[in-house]
Amino acid sequence: MKHSIVLLALAGAVSLAQAEDTLKKIKDTGTITLGVRESSGLSYTIGDGKYVGYHIDVCEKIVSDVRKALGLSGITTKYQPVTSANRIPLTVNGTVDLECGSTTNNATRQKDVAFAVTTYVEEVRIAVKANSGINSIKDLANKTVATTTGTTSVQTLRKHERSTGVDFKEVFGKDHADSFLLLESGRADAFVMDGSILAKNIATSKNPKDYKIVGEVLSVEPIAIMMRKDDPAFKKVVDNSIKELIRLGDLAKLYDKWFLKPIPPAGAVIGMPLNEATKAAWANPNDKPMEDYAKK
């Protein structure tokens, strides 16, 4: 037993040392690894290993500021695709240095990882076929509802099911594209997820007019860049980089670029104006978890 305790203590010490040395790791290797998504509203692929989106642009600015902070002439950026289910483990174990997807900052996750200051405040909504007759959560009774494995929308869905007494069947996509496909193919009557993810998947679908986002806001959630815990030096560089984007008005320009203007690959427009909750988060940059938003 003592031997096991010693081994656990040593493992913890090694893990903590790794967490505190992200900047050193980047300087020694000349490389930083970004966790990226295949089909998020804030991070997605356009093929050939190319990833784009609002959070990709934010992370590229952070990488530039990390390079300057370390006095390097260049940094090689590697892209590691992650899913809702594996993004936290891959951040914790050091595979990913910055997770640049669409991750909700909540108190449970803060036990395992750290978050930068909030870059976007999300509203969880319902997407349906335009001719479905579904207009709110009460209309989901006896319907099949899709959401993505490993997301906070799973808990949101179950909470509303309990509180409203509306009984529906849940099906799960392995990623957001898979969840949207469940709706698109008729295997699900609705897709519950972050509004930006719903809007992006609708805008880039074959027939965007076939879908609509309906009903009440099911949850308000701060979305942020994720990194390893217990690394204050690295977090400071990341936070300062984002705060500078806010101060200069560049984060607002990035938002307009990805939500109000044509986006690759086909020039679709998501069409989501900046909401008041995001404006408030930028006015007072912080890394408060979702639970703090729920208190308001």
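**Close-up views of a predicted model**

View 1. Asp28 has a relative accessibility of 55% and counts as exposed, because the cut-off for exposed is over 50%. The model shown here and in the other views is predicted. An α-helix has 3.6 residues a turn, so residues three or four places apart point the same way. In the whole structure, a search finds 11 salt bridges.

**View 2. Arg247 and Glu244 meet in a salt bridge.** The N to O distance is 2.9 Å. Both residues belong to helix H9, which covers residues 232-248. They are three residues apart there, or about one turn of the helix. Arg247 is exposed, at 59% relative accessibility. Glu244 is partly exposed, and its relative accessible area is 28%.

**View 3. In helix H10, Lys253 is joined to Asp250 by a salt bridge.** The side chains meet with an N to O distance of 3.9 Å; the pair counts as a salt bridge because the limit is within 4 Å. H10 runs over residues 250-259. Lys253 and Asp250 are three residues apart in this helix, so the separation is about one helical turn. The relative accessible area of Lys253 is 58%, which makes Lys253 exposed. For Asp250 the value is 26%, and Asp250 is partly exposed.

**View 4. A network of salt bridges links three residues.** The members of the network are Lys25, Asp97 and Arg228.

**View 5. The second largest pocket has a volume of about 170 Å³.** Its lining is made up of Asn106, Thr108, Arg109, Thr149, Gly150, Thr151, Thr152, Val154, Gln155, Met290 and Glu291. Three helices each supply at least two of the lining residues: H5 (107-110), H6 (152-164) and H12 (290-294). H6 gives the most, with three residues. By class, seven of the lining residues are polar, two are nonpolar and two are charged.

**View 6. Strand E7 pairs with strands E10 and E11.** E7 covers residues 120-129 and is mostly covered, with eight of its 10 residues buried. Its pairing with E11 (residues 211-223) is antiparallel and has nine bridges. In this pairing, Glu123 stands opposite Val220 of E11. E7 and E10 (residues 190-194) also run antiparallel, and five bridges join them. Ile126 has Val192 of E10 as its bridge partner.

**View 7. Helix H8 is mostly covered.** H8 spans residues 195-203, and nine of its nine residues are buried. These are Gly195, Ser196, Ile197, Leu198, Ala199, Lys200, Asn201, Ile202 and Ala203. The lysine in this list, Lys200, is therefore under the 20% relative accessible area that sets the limit for buried. The buried residues of H8 pack against strands E2 (44-47), E7, E10 and E11. They also pack against helices H7 (176-184) and H10.

**View 8. A cis peptide bond joins Pro264 and Pro265.** Omega of this bond is about 5°. Most residues other than glycine have a negative phi, and most peptide bonds are trans. Pro265 is in the loop between H10 and helix H11 (276-283).

**View 9. Asp48 has a positive phi and is not a glycine.** The phi value is near 55°. Asp48 is in the loop between E2 and strand E3 (50-52). Its relative accessible area is 86%, so Asp48 is exposed.

**View 10. Asn142 has a positive phi although it is not a glycine.** Phi is about 65° for Asn142. The loop that holds Asn142 is between E7 and strand E8 (144-148). At 70% relative accessibility, Asn142 is exposed.

Key. Residues numbered from 1 in each chain as written. Predicted model: local features only at pLDDT ≥ 70, side-chain atom pairs only at ≥ 80, totals over all residues. Heavy atoms only, no water. Buried < 20%, exposed > 50% of the residue type's maximum accessible area, 1.4 Å probe, protein only. Helix = DSSP H or I, 4+ residues; strand = E, 2+ residues; numbered from the N terminus. 1 Å grid on protein atoms, 1.4 Å probe; cavity = no way out; pocket = protein on both sides within 12 Å on 5 of 7 lines; lining within 4 Å. Points joined across faces, edges and corners; volume = space filled by probe spheres on them. Nonpolar A, V, L, I, M, F, W, Y, C, P; charged D, E, K, R; others polar. Pairing = 2+ DSSP bridges. Contact = heavy atoms within 4.5 Å.
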